[in-house]
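Keep the 3D view open beside the text and turn it as you read.

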Amino acid sequence: MTSVGLRGLAVVLGFALIACSAKDADNSATPAPSATEQKLPEPATAPLDAAKAATLQAVLQKVVSQYAATPDSESAARGITAAVVSDKWVWSGAAGKDAAGTTLTAQTSMGVASITKTFVAAEVLLLAQAKKIDLDAPLSTYVKHKLTANNATVRQHLAMRSGVPNYLPDDYARMDKAIAAAPGRHWTSEQALAYDTAAPGQPDSPYDYSNPSYVLLGMLIEKVTGQPMATVLRRDLAAPAGLERAAFQDAERPQPPLAEDRNPFCGRTADGFVPCRAFASQGAANAGLAADAPTVARWGYQLYGGRVVPADLVRQMTAGDGEYGLGTMLFSRQFGIGTAFGHRGELPDYKSLLVVIPDHHVSVAVLVADGTKNADLITADVITAIQPLLTS
């Protein structure tokens, strides 16, 4: 989204399915489906035992305590919220404060930026399943724009292989200047894309993170359905998943409490959006989602657990041996607990990370009220703390 850090720098190790063996009727070895290939059980509603929950809360408190001692540390932060959803228990917690000095709660909403892409990708796949979109047709079939003129397919845009590069640094700088001049303004997708000066390359190019591709995919959803993207995502995904506190900005307004920001683009006047209306709307399809940690964790469980889209679509989203599937970052064994999927989010005053480990029936969300921190390092500590709790 902006020059601060929304270029989606993925640091991932790959993807591998874990499967066990079974015998079929012909006595030949047949892999049994892993958790990534089947619907996960209903997410739990029972809270984690208080004594065990204290160990997770201690991880968050350590992050904030370290910030007091070494504020420049990447793994320390002034404020953090986190949540875990599994089929056995749920947990959420918070520590520290936002940029305005307000104490965070587990229900504090923040901008979760590129986690929005998981919704957009899931919706495009649902539309393809309904035969309203051909994933292997050029996106220009549906959306006429200079950035679709290279005839990259819908699938290639989903996979960041369209040849459409990200906004250039100068593009972000001009966009940021316009946001700062009118932080309460609503931006259309066309207005955001007007700032893109990078020339598209050839389709089926190597993976190259691209926010403009997802702006175009948002336009695709609206073109095919004839409805606002937020309406479609709410109806097809957020409502079935039980996400009452997700907001697709700026068509929807986040529910308070909100973590305030102090970025140089939105200024210090809160307008009820995070970080502000102009910032959220100019990247609505690639980074406009606002939510709290329990909502993000629940979404991850419901999505990658095959509970809101069919398991075969989840397999498409998570397939591949590189950094990116379809709207999904592939974390493999990065967090030391098995194959994992999800997405990062980066905004000037917020960092977020969703990590789902289907074979362990668990989804983890970490939201950091500081855009300069490394959410991967913090999330790794949370995952380390929950490992013994998954089998106890």
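The report below goes from strands to helices, then to aromatic rings and backbone details.

This is a predicted model: local features need pLDDT of at least 70, side-chain atom pairs count only at pLDDT 80 or more, and totals for chains, interfaces and linings use all residues. Residues are numbered from 1 along each chain as its sequence is written, and side-chain values use heavy atoms, with hydrogens and water left out.

**Strands**

Helices (H or I, at least four residues) and strands (E, at least two) are DSSP runs, numbered from the N terminus. Two strands pair if DSSP finds at least two bridges between them. Buried means under 20% relative accessible area, exposed over 50%, and partly exposed in between, with a 1.4 Å probe and protein chains only.

Let's begin with strand β10 (residues 350-357), where 8 of 8 residues are buried. Y350, S352, L354 and V356 point one way, while K351, L353, V355 and I357 point the other way, and all are buried. On one pairing, β10 runs antiparallel to strand β9 (residues 341-347), joined by 7 bridges; K351 in β10 is the bridge partner of E346. The hairpin from β9 to β10 passes through 2 residues. β10 also runs antiparallel to strand β11 (residues 362-368), again with 7 bridges, and here A365 in β11 is the bridge partner of L354. The hairpin of β10 and β11 has 4 residues between the strands, and H361 takes a positive phi near 55° there. H361 is a residue other than glycine.

Elsewhere, 3 strands form an open sheet in the order β5-β7-β6, with antiparallel pairing. β5 (110-113) and β6 (247-248) stand at the edges with a single partner strand each, so one side of each has no neighbour in the sheet. β5 pairs with strand β7 (residues 289-291) over 3 bridges, in the antiparallel sense. Look for A113, which stands opposite L289 in β7. A113 has a positive phi of about 50° although it is not a glycine, and it counts as buried at 0% relative accessibility.

**Helices**

How far apart are the end C-alpha atoms of helix α1 (residues 50-69)? They are 28 Å apart, which agrees with the 28 Å that its 20 residues should span at 1.5 Å a residue. That expected span is 1.5 Å times one less than the number of residues. The buried residues in α1 are A53, L56, V59, L60, V63 and V64. An α-helix has 3.6 residues a turn, so residues three or four places apart point the same way. The cover over the buried residues of α1 includes β3 (79-86), β4 (90-96) and α12 (375-391).

Helix α3 (residues 154-158) holds Q156, which is buried at a relative accessible area of 16%. A polar atom of the Q156 side chain lies 2.9 Å from the backbone nitrogen of T153. Leaving aside neighbours within four places in sequence, Q156 is in contact (heavy atoms within 4.5 Å) with R161, S162, P203 and D204.

**Aromatic rings**

Rings of Phe, Tyr and Trp (its six-membered ring) pair if their centres lie within 6.5 Å; planes under 30 degrees apart count as stacked, over 60 as edge-to-face and the rest as tilted. The structure holds 9 aromatic pairs, and the table shows two of them.

| Pair | Centre to centre | Angle between planes | Class |
|---|---|---|---|
| W187 and Y195 | 5.3 Å | 35° | tilted |
| F331 and F335 | 5.6 Å | 85° | edge-to-face |

W187 is buried at 1%, and Y195 is buried at 17%. F331 counts as buried at 0% relative accessibility, as does F335 at 7%. Ring pairs also link F119, F248 and W299 into a cluster.

A charge sits over a ring if NZ of Lys or CZ of Arg is within 6 Å of the ring centre and within 35 degrees of the ring normal. R185 lies over the face of W187, at 4.3 Å from the ring centre, and K117 lies over the face of Y214, at 5.8 Å.

**Cis peptide bonds**

Which residues does a cis peptide bond join? One joins Q249 and D250, with omega about -5°, and another joins V274 and P275, with omega about -5°. D250 sits in the loop between β6 and α8 (277-282), and P275 is placed in the loop between β6 and α8.

Definitions and conventions:
Polar contact = N/O pair within 3.5 Å; in protein donor to acceptor, adjacent residues only side chain to side chain.
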